[in-house]
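Hi everyone, thanks for coming. Please have a look at the sequence and the structure on the screen, and then I'll walk you through them.

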Amino acid sequence: MSVSLRSQRPWDVRLASAAAAIAMAGLIAMASAASTLNPALAVRHGAYAAIGLLVFAAASRTNYHRWIDLSAAVYGVSLLLLLAVSAV
């Protein structure tokens, strides 16, 4: 499976702004909640948010039709991970 970048399409600024705003709101909430307990939690949350935004940017630039072959496997893995979380 080869994934080609589609550089000819413009960015969806509203979608990217919404994702960044949600990540920022989560970071602010985590920073205020963790300020008395463990400030390192806010730093870790910020790092995960930055990684998530980078993955979002990369995924938004790929042709999603190429991922159709893997959709059933990804769905199955997602369900197994959800079951694993509920079992713990």
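I'll start with the model itself, then go through the helices, the surface and one threonine.

What you see is a predicted model, where local features need pLDDT of at least 70 and side-chain atom pairs count only at pLDDT 80 or more, while totals for chains, interfaces and linings use all residues. Residues are numbered from 1 along each chain as its sequence is written, and side-chain values use heavy atoms, with hydrogens and water left out.

pLDDT is the predictor's confidence in each residue, from 0 to 100. The protein chain averages 84, and 90% of the residues score at least 70. Where pLDDT is low, the predicted coordinates should not be read in detail.

How do H1 and H2 pack? Their angle is about 170°, and their axes are 9 Å apart. Axes are lines fitted to C-alpha atoms, for helices over the stretch in contact, and angles run from 0 to 180 degrees between N-to-C directions. H1 and H2 are therefore roughly antiparallel, a label for angles over 145 degrees. Residues in contact, meaning heavy atoms within 4.5 Å, include Leu15, Ala19 and Met30 of H1, and His45, Leu53 and Phe56 of H2.

Next, the surface. Buried residues, those under 20% relative accessible area with a 1.4 Å probe, protein chains only, make up 8% of the 88 residues in the protein chain.

Finally, is threonine 62 buried or exposed? Threonine 62 counts as buried because its relative accessibility is 11%. This residue is in the loop between helix H2 (40-60) and helix H3 (71-87). The side chain of threonine 62 reaches the backbone oxygen of alanine 59 at 2.9 Å.

Methods:
Helix = DSSP H or I, 4+ residues; strand = E, 2+ residues; numbered from the N terminus. Buried < 20%, exposed > 50% of the residue type's maximum accessible area, 1.4 Å probe, protein only. Polar contact = N/O pair within 3.5 Å; in protein donor to acceptor, adjacent residues only side chain to side chain. Parallel < 35°, antiparallel > 145°, perpendicular 65-115°, else oblique.
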